[in-house]
There are 2 protein chains.
Amino acid sequence: MATETQKHLVAASEKYAESFDKGHLASPPAKKYLIVYPVTCMDARIDTTAAFGIDLGDAHIIRNAGGNAKDAYRSILISQHLLGTKEILLIKHTKCGMLTFSNADARKIVNEHQGKEVIGPEFDFEPFGDLEEGVRDDVKWLKENGGVVEGAVVSGWVYQVTDGKVKQVV
Amino acid sequence: MATETQKHLVAASEKYAESFDKGHLASPPAKKYLIVYPVTCMDARIDTTAAFGIDLGDAHIIRNAGGNAKDAYRSILISQHLLGTKEILLIKHTKCGMLTFSNADARKIVNEHQGKEVIGPEFDFEPFGDLEEGVRDDVKWLKENGGVVEGAVVSGWVYQVTDGKVKQVV
């Protein structure tokens, strides 16, 4: 029995496929030497295509809670070394949920919901206390850890969910 | 000195912000009990908003190489337990790059590019050999590992990059 969400997905997909004409796009991003490659938050309020000017086929987009670089590392390696992207834009955003809890808070909530300890004290939810510092720390981590391709430009940005603007931090 | 990609981001953002009127959206996804929560690939060819009918603010979107459940786990925990999502749709896609290499291939390529061993044999790039089996394995892993919220519906899908259609696998 399909859920309402599943029905919605199927209906949206059918409508989308009716006028779909991008079946020819290749796997590596088209802007091979001019890659927009944002590591952006999974936040529901961010429309990466419109807000960051990314057309279908242009760039890899990684999204996870907090726009976290470490969590994106496997995908970054694959994007850069196997699919040839040259540049990384790391984007976090204002009013991010990751600014509002600690590891201990999150662990307690999950374990209480589940009625048993499914998350131990070693698990890192990667929260951060300051937005711009979080961006700087992640860019630093990417530059220093040895996996980012030689010559890649890595920059860090903040997207403002209240006015739709983006500003460069580093 | 800004790169062409950075200039493109700033220009797209300025244009977007001019007509932006969604500054009021809250952090938890609006469809609180009807959550579309796709774990979708970072592939440049997938427009999640249009293809899956997700409006701004509706759903969390996690994107990583291969639409990988393990890599998305931290984000899934945060989405479900701290931001109240109830349903998970895991989506992989045809012609995925993850079907085309092994862990040994990827490790060799990265280390050759970097001119030293930055990736050891323990690193898992999470490639998979069969698309539908990959979807089933990830859904099974999510259901069995104890962190997904009680009562959450987890379904698995394949998006077809050549015709824009989606079909349910599990």
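This is a predicted model: local features need pLDDT of at least 70, side-chain atom pairs count only at pLDDT 80 or more; totals for chains, interfaces and linings use all residues.
Strand S3 (residues 87–93) and strand S4 (residues 153–159) of chain A run in the parallel sense, joined over seven bridges.

Now ask how S3(A) sits in the structure. Is it buried or exposed? Seven of its seven residues are buried, so the strand is largely enclosed by the rest of the structure. In a regular strand, side chains alternate between the two faces of the sheet. Check each face of S3(A) in turn. One side carries Glu87(A), Leu89(A), Ile91(A) and His93(A). The other carries Ile88(A), Leu90(A) and Lys92(A). Both faces are covered.

Gly66(A) lies in a loop of chain A, between strand S2 (62–64) and helix H3 (73–82). Its relative accessibility is 1%, and because buried means under 20%, Gly66(A) counts as buried. Gly66(A) and Gly97(A) are 31 residues apart in sequence, yet their C-alpha atoms are 7.7 Å apart in space.

Which residues have the most contacts inside the largest nonpolar core? They are Phe52(A), Phe125(A), Tyr159(A), Phe52(B) and Tyr159(B). This core has 95 residues.

That brings us to the interface. The size of an interface is often given as the accessible area lost when the parts come together. Here chain B and chain A bury about 7000 Å² between them, 63% of it on carbon and sulfur atoms. In chain B, the residues that lose the most area to chain A are Leu9(B), Met42(B) and Arg74(B), together 11% of what that side buries. In terms of contacts, 84 residues of chain B meet 84 residues of chain A.

Charged and polar groups take part too. Two salt bridges are found across the interface. Arg74(B) forms a salt bridge with Asp71(A), with the closest N and O atoms 3.1 Å apart. There are also 17 residue pairs in polar contact across the interface. Which element gives the largest share of chain B's side? It is H1(B), with ten residues.

Notes: Residues are numbered from 1 along each chain as its sequence is written. Chains are lettered from A and ligands numbered from 1 in the order in which they are written. Side-chain values use heavy atoms; hydrogens and water are left out. Helices (H or I, at least four residues) and strands (E, at least two) are DSSP runs, numbered from the N terminus. Buried means under 20% relative accessible area, exposed over 50%, partly exposed in between (1.4 Å probe, protein chains only). A nonpolar core is a set of buried Ala, Val, Leu, Ile, Met, Phe, Trp, Tyr and Cys residues joined through side-chain atoms within 4.5 Å. Two strands pair if DSSP finds at least two bridges between them. Contact means heavy atoms within 4.5 Å. Buried area is the accessible area (1.4 Å probe) that two parts lose on being put together, summed over both. A salt bridge is a side-chain nitrogen of Lys or Arg within 4 Å of a carboxyl oxygen of Asp or Glu. A polar contact is a pair of N or O atoms within 3.5 Å; within protein, one must be able to donate a hydrogen and the other to accept it, and residues adjacent in sequence count only if both atoms are side-chain atoms.
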